[in-house]
Amino acid sequence: MCTAHYPGAPPGCNNGSGFLRDRKPRHTKDGCMTQEALSPELEAVVARAAAAAAPLAATTAEHRARALVKIADALEANKAKLVEIALRETGLTEARLSGEVTRTAVQLRLFADTIVDGGYLDARIDHADPDFALGARPDIRRTHIPVGPVINFSASNFPFAFSVMGGDSAAILAAGCPLIVKAHSSHADLSDATAEVAATAITEAGLPEGTFQLIHGREAGVEVLKDPRIKAGSFTGSIRVGRLLADIAANRPAPIPFFGELGSVNPVFVTLDAIAERADEIASGYLTSVSGSAGQLCTKPGFVFIPAGSSLPETVAAKSGDAPEHRLLDPRIASSYDERRTAVLGTAGARAVIEGGIRFDDDGQGWATPTIVAISLDDFRAGREALLEESFGPLSILVEVPEGTDLAALMPEFYEGNLSGTIHLSEAEATGTTENAEQLRALVAALANQVGRVLFNGWSTGVAVTPAQQHGGPWPATTNDSSTSVGTAAITRFLRPVAFQNAPAALLPEALRDDNPLGIRQQLAPAGESQSWGARWR
């Protein structure tokens, strides 16, 4: 059944931004999925996206910018209605959801300014040079163009910021790529309502039909990802599902880039001097970061390494009444969290600093309060198989580290990739002149090798929507460590580079023309420049 969620929906479909419901999976006798043609409904969706690719890529940056701003304005104008639906479907607080709509609108507007600025195209012009160091150089000019239709798999825990019109979707549209969103089942009604608002704005902005469509159902999303007309994919969710989708994208006859943001435990290191200087502040910030949105955030601090014998566990325990009970997103997540919490508390040497708990109401929904566990480094090492896995919920572990431990060595010992890593320092330590300065520099370097963002004296759950932001990291934080899903660099995921050699001026993209009609930044390599390459280093 099609209940269309795209501009110009055919007769018989609900106007707005419609969806396609999940269909029964098809399998061969040996259990493998077939490569049969798409259903008529999905075929229509992909065909519309493919047909929109060229005209959308040909739109001006100003045209797309106006569309992005129109979407942002429409989301904010419909905030009350959308938040009301989100409250019912997600259990997140009104303040959190309202702020998330604002965040989503801000990112859309940021991307609008970014694409008009043009720096994201990385335009480079090397003029012809008969005296080039390696022989005559042709005129070569390089820029970036949209990859084509992209499917974005929405997240459960960010029903606005990483869902239908969230960061990935905004980046895809900003890049000039047709967007197919696979809605998350945990907020299906909200997805439909958001898509209707966005589709109306896109139509009013005059972007091509097929620029944006929404589908529902896991199998439908997988089938679209497999289609050769889809040129890239994005995803926010679990390691297991993200890896499955990334493998599908990589194993296609023609592999495509797949940008998945997956699991992260975001280790934190706190020095003894920092605790002595501001234990209350650190404890309060820690509890707020762990309990916010019931700990259902990819940036929640999962492990905090503290000096053995410090006062921080007691300070944290004294603040146990500060965190209210919070509903988890859905019964499945609540059940998984309950199992995970039981396993952590049952690990040898683990002791509850704040025992917290979880209860289930008559509808099967889970309601949790924070659980904070402390454990010695030796017991942490012994129980690593039970402890290192991400706990998706309001649980975090304090790891008590003996004096003299090489903190930098703990990162490769316990972790692969993470979205973030944090260090809490004293004022004196921040000057780089204390006795432990070299150890701290080594720790910073170790964190930088394994995370996408290194924080100081803060908490990782605050991810600023700003041009320089890096929200990514080595596997399993993401499937592609060369990218970010927040910040203006997120747009480049959905572009590909193209060079033009000895092209007539009349046939060059505007970004590469000498008269620079777009007024963008161009990196120029004039004739004769190669003769001086490297001279300054002799």
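**Helix packing, rings and backbone**

Analyst: Happy to! This is a predicted model. Let's start with helix α7 (residues 218–226) and helix α8 (residues 239–250), which pack with their axes 9 Å apart, at an angle of about 30°.

User: What makes α7 roughly parallel to α8?

Analyst: The cut-off for roughly parallel is an angle under 35 degrees. The angle here is about 30°, so α7 counts as roughly parallel to α8. The crossing of α7 past α8 is right-handed.

User: Which residues of α7 and α8 make the contact?

Analyst: Val222, Leu225 and Lys226 come from α7, while α8 supplies Leu245, Ile248 and Ala249. By class, that contact of α7 with α8 holds five nonpolar, no polar and one charged residues. Lys counts as charged, and Lys226 is on the α7 side.

User: On to helix α4 (residues 94–117): how do you know that its length is close to what is expected?

Analyst: With 24 residues, α4 spans 35 Å from first C-alpha to last, against the 34 Å expected at 1.5 Å a residue. After α4 comes Gly118, with a positive phi near 85°.

User: Why are α4 and helix α5 (residues 167–175) called roughly parallel?

Analyst: Roughly parallel asks for under 35 degrees, so α4 is roughly parallel to α5. The α4 and α5 crossing is right-handed. On the α4 side, Gln107, Leu108, Phe111 and Ile115 make the contact, and on the α5 side Gly167, Ala170, Ala171 and Ala174 do. These divide into six nonpolar, two polar and no charged residues.

User: What about helix α14 (residues 407–414) and helix α15 (residues 437–450): at what angle do they cross?

Analyst: They cross at roughly 20°, and their axes come within 7 Å. The limit for roughly parallel is under 35 degrees, and α14 and α15 are therefore roughly parallel to each other. Leu407, Ala408, Met411 and Pro412 of α14 meet Gln439, Ala442, Leu443, Ala446, Leu447 and Gln450 of α15. In class terms, the contact of α14 with α15 has eight nonpolar, two polar and no charged residues.

User: Now the rings. What makes Phe305 and Phe380 an aromatic pair, and which geometry does the pair have?

Analyst: The search of the whole structure finds 13 aromatic pairs. For Phe305 and Phe380, the centres are 6.0 Å apart and the planes are at 80°. A pair needs centres within 6.5 Å, and edge-to-face needs planes over 60 degrees apart.

User: Last one, the backbone. What stands out at Asp122, and which bond is cis at Pro476?

Analyst: Most residues other than glycine have a negative phi, and most peptide bonds are trans. Asp122 is not a glycine, yet its phi is positive, about 50°. Asp122 sits in the loop between α4 and β3 (123–126). The cis bond joins Trp475 and Pro476, with omega about 5°. Pro476 lies in the loop between β19 (451–456) and β20 (495–501).

Key: Residues are numbered from 1 along each chain as its sequence is written. This is a predicted model: local features need pLDDT of at least 70, side-chain atom pairs count only at pLDDT 80 or more; totals for chains, interfaces and linings use all residues. Side-chain values use heavy atoms; hydrogens and water are left out. Axes are lines fitted to C-alpha atoms, for helices over the stretch in contact, and angles run from 0 to 180 degrees between N-to-C directions. Helices (H or I, at least four residues) and strands (E, at least two) are DSSP runs, numbered from the N terminus. Angles under 35 degrees count as roughly parallel, over 145 as roughly antiparallel, 65 to 115 as roughly perpendicular and the rest as oblique. A crossing is left-handed if the near helix is turned anticlockwise from the far one by less than a right angle, and right-handed if clockwise. Contact means heavy atoms within 4.5 Å. The expected span of a helix is 1.5 Å times one less than its number of residues. Rings of Phe, Tyr and Trp (its six-membered ring) pair if their centres lie within 6.5 Å; planes under 30 degrees apart count as stacked, over 60 as edge-to-face and the rest as tilted.
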